[in-house]
Amino acid sequence: MAHTCVHWFRKGLRLHDNPALMAALRDCKELYPVFVLDPNLHNRTCVGINRWRFLIGALKDLDRSLRKLNSRLFVVRGKPEDVFPTLFNEWKVTKLTYEYDTEPYSVSRDKTVTALAKEHGVEVIYKVSHTLYDIDRIIEENNGKPPLTYNRMQAIVKTLGPPKKPIPAPTMENMKDVQTPCSENHKKKYGIPTLEELDHDAAALGEDKFPGGEQEALRRLDEHMKRTGWVCGFEKPQTSPNSLSPSTTVLSPYVTFGCLSARTFWWRLTDVYQGKKHSDPPVSLHGQLLWREFFYTASVGIPNFNKMEGNSVCTQVDWDTNPGYLAAWREARTGFPFIDAIMTQLRQEGWIHHLARHAVACFLTRGDLWINWEEGQRVFEELLLDGDWALNAGNWQWLSASTFFHQFFRVYSPVAFGKKTDKNGDYIKKYLPLLKKFPAQYIYEPWKAPRSVQQAAGCIVGKDYPHPIVQHEVISKTNIQRMKRAYSKRSADPAASPSKKQGVKRKAPTAVDMLKKKNKTN
């Protein structure tokens with residue numbers, strides 16, 4: 001039977017390595033590629049303007065690629081559970097395909113849409129392609145629990161073997177018997193929105209340093225893979241948090257939105273490594289992809305992963321509630337130029353280096369301001385182009401020394417850390433031009449500059465730029481003691497000890513689960 005099929009694009013905004021899309025094209029007479037602007041995901045609260053611009057760029061790129069195959073992208077607005085029944089009826093759909101998504105909201109949404117599809121006689125097929133491995137398979141291999149150390153994760157994936165090889169993008173040959181019916185008013189009814197239509201002021205945006213889309217992702221991947229010496233020698237901790245241009249690949253936004261397949265990235269790296277001496281996980285580029293897999297697995301196996309309360313592996317800390325401190329951190333007004341420069345770059349460009357994230361996360365939580373990591377998680381989710389639910393929650397728990405990482409006495413200095421790689425403060429001068437005339441000896445600590453130096457620099461601390469919000473040398477010591485107390489409470493409860501608790505064992509799969517699993521792999 002020839003199907004009328006909807007392929008539902010969500011994160012996998014690409015044609016290459018898209019097994020669910022290829023499943024849609026099997027025995028297909030009509031294809032409707034659909035993207036749903038879901039108010040639960042795509043709203044002003046959760047999505048900052050840079051993320052919107054990236055998403056719109058990715059959708060435009062996807063539509064261009066589909067046009068080359070004589071198809072089009074249909075952008076539909078509304079809740080998936082509301083829009084799909086209408087589309088099933090209007091287009092007489094018989095098959096729905098999509099890429100599997102592990103986030104709690106996505107799992108619940110997909111369950112609802114799948115039930116609606118069944119009611120309408122629509123066959124549902126989903127495939128794993130957002131991660132290197134089937135996350136459920138990793139958890140099964142670890143006796144039903146997520147591994148809580150990177151070494152354990154490495155041991156498990158070693159037994160699973162390398163990730164599946166990516167599949168090629170569909171060609172005109174795959175599309176020869178397939179049509180995408182388009183009406184005259186397609187743009188009006190199913191067009192990609194502009195920033196203005198979404199109530200954003202495009203004029204407020206800076207240069208588009210990281211344009212969204214699959215073609216840009218593949219171009220950047222090609223560019224980086226040509227640098228074989230750099231790829232083979234890559235060690236994440238040796239890269240600079242405050243270089244004026246990125247010292248890493250900045251492919252993370254493209255992997256987050258699925259413009260670039262993680263498996264494609266993995267196998268391209270394998271090709272480059274072939275026969276050469278190269279760095280190894282956890283610091284290598286393969287290692288970075290395995291970190292992603294590690295946090296995805298933790299997020300699936302640990303309930304309430306993005307919260308402190310109800311999260312069985314997270315240390316319960318008596319964080320302060322201080323809206324003034326939080327706003328100063330978010331708005332780059334802490335009085336520490338290195339921290340404020342990072343937060344300015346984040347708001348302007350939507351990206352900051354991994355180690356810069358370490359510095360500002362430690363500062364907000366256990367280092368200085370003693371504010372709950374969930375608050376930082378929310379800000380990053382809104383502003384980061386690569387804001388990924390699992391990675392964001394995992395990294396904030398790590399950096400606040402709540403989960404995974406327990407050396408809470410190691411605190412990043414908001415002064416000394418930046419100086420290691422940028423003595424002159426060029427990074428600070430770029431993002432905080434107000435301070436650019438300060439001599440290098442004061443650029444990280446302008447409050448220490450004599451009044452005459454501040455006047456010569458045209459910036460008076462306390463008037464033009466804030467005094468430091470806290471005394472780092474004093475507060476960081478106090479906070480180490482507070483963390484010590486939180487840890488001692490945890491140690492007193494053996495069931496909650498992070499070193500002993502390896503996640504939550506999941507119940508054995510039911511017959512229904514097994515059937516769903518079969519659907520996913522078929």
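**Labels and their cut-offs**

Rings of Phe, Tyr and Trp (its six-membered ring) pair if their centres lie within 6.5 Å, and by this rule the count comes to 38 aromatic pairs. This is a predicted model: local features need pLDDT of at least 70, side-chain atom pairs count only at pLDDT 80 or more, and totals for chains, interfaces and linings use all residues. Residues are numbered from 1 along each chain as its sequence is written, and side-chain values use heavy atoms, with hydrogens and water left out.

Q: Why is the aromatic pair of tyrosine 100 and tyrosine 126 called stacked?
A: Planes under 30 degrees apart count as stacked, over 60 as edge-to-face and the rest as tilted. Here the planes are 25° apart, and the centres are separated by 5.4 Å. The pair is therefore stacked.

Q: What parts of the chain does this pair link?
A: Tyrosine 100 sits in the loop between E4 and helix H4 (104-119), and tyrosine 126 in strand E5 (residues 123-127). They are 26 residues apart. Helices (H or I, at least four residues) and strands (E, at least two) are DSSP runs, numbered from the N terminus.

Q: Is tyrosine 126 buried or exposed?
A: Buried means under 20% relative accessible area, exposed over 50%, partly exposed in between (1.4 Å probe, protein chains only). Tyrosine 126 has 8%, so it is buried. Tyrosine 100 has 22%, so it is partly exposed.

Q: Why are tryptophan 329 and phenylalanine 380 a stacked pair?
A: Their ring centres are 6.3 Å apart and their planes are at 20°, so the pair is stacked. Tryptophan 329 lies in helix H13 (residues 323-330) and phenylalanine 380 in helix H16 (residues 373-383), so the pair ties together parts 51 residues apart in sequence. Both residues are buried.

Q: Why does glutamate 99 count as buried?
A: Its relative accessibility is 7%, so it counts as buried. Glutamate 99 belongs to strand E4 (residues 95-99).

Q: What makes the link between glutamate 99 and arginine 14 a polar contact?
A: A polar contact is a pair of N or O atoms within 3.5 Å; within protein, one must be able to donate a hydrogen and the other to accept it, and residues adjacent in sequence count only if both atoms are side-chain atoms. The side chains of glutamate 99 and arginine 14 are joined at 3.3 Å. A polar atom of the glutamate 99 side chain also lies 3.4 Å from the backbone nitrogen of histidine 130.
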